[in-house]
Amino acid sequence: MQERFGAYRHHVLATLRKDGAPRLTGLEADFRYGELWLGMMVGSRKVLDLRRDPRFSLHANPGPGADLSGGDVRVSGRAVEVTDPEVVARYAAAVKPPEPFHLFRAELTEAVRTYTEDSYMVLESWEPGRPLRTIRRTSDDAALRVE
């Protein structure tokens, strides 16, 4: 999963607007110190969205072409704003983002990877405290195969 996000710098973040509608925006996500970090411009709509409702989904950049090397990957969770000056400074020293910026730490509630294998579409889904769930199906299947 981390490799898939590391393949490209820019990804697509989904947040919730004030009226509950989804907002999709570009974002540079960073796996560092064993966690997923989301850095944002001061005053951006996504910052306001996450402060109001911390739920988000982040879709990994699929890259060029249609092969989806490494699969199609999405994570969801809650974004926790980081205000500790030492943590923000440590992150800024390592990443060198344009300053000033807002920093959020992601608390993941779900990770999903979809890919093809032989004639199957495979969906792997993980949630904290649960084993990895794998579903394999073809377009001819009337029902899902859950492993």
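Select strand S2 (22-32) first: six residues of this strand line the largest pocket, the largest share from any element. Strands (E, at least two residues) and helices (H or I, at least four) are DSSP runs, numbered from the N terminus. The model is predicted, so local features need pLDDT of at least 70 and side-chain atom pairs 80 or more, while totals for chains, interfaces and linings use all residues. Residues are numbered from 1 along each chain as its sequence is written.

Next, display all 26 lining residues and centre on Arg-9, Glu-28, Gly-39, Pro-97 and Pro-98, which lie nearest the pocket centre. A pocket is an open set of points on a 1 Å grid over the protein atoms alone, where a 1.4 Å probe fits, with protein on both sides within 12 Å along at least five of seven lines; lining residues have an atom within 4 Å of a point. Helix H1 (2-6) and helix H3 (85-95) are among the elements giving two or more residues to this lining.

Now select helix H2 (45-52), where Lys-46, Val-47, Asp-49 and Leu-50 are buried (under 20% relative accessible area, 1.4 Å probe, protein chains only). Viewed down the axis of H2, these residues fall within an arc of 160° and so line one face of the helix; the arc is that of the directions from the axis to the C-beta atoms.

Finally, move to strand S7 (120-126), which runs antiparallel to S6 and is joined to S6 by seven bridges (strands pair if DSSP finds at least two bridges between them). Arg-113 stands opposite Glu-124. In the hairpin of S6 and S7, Asp-118 takes a positive phi near 55°.

How values were computed: Side-chain values use heavy atoms; hydrogens and water are left out. Buried means under 20% relative accessible area, exposed over 50%, partly exposed in between (1.4 Å probe, protein chains only).
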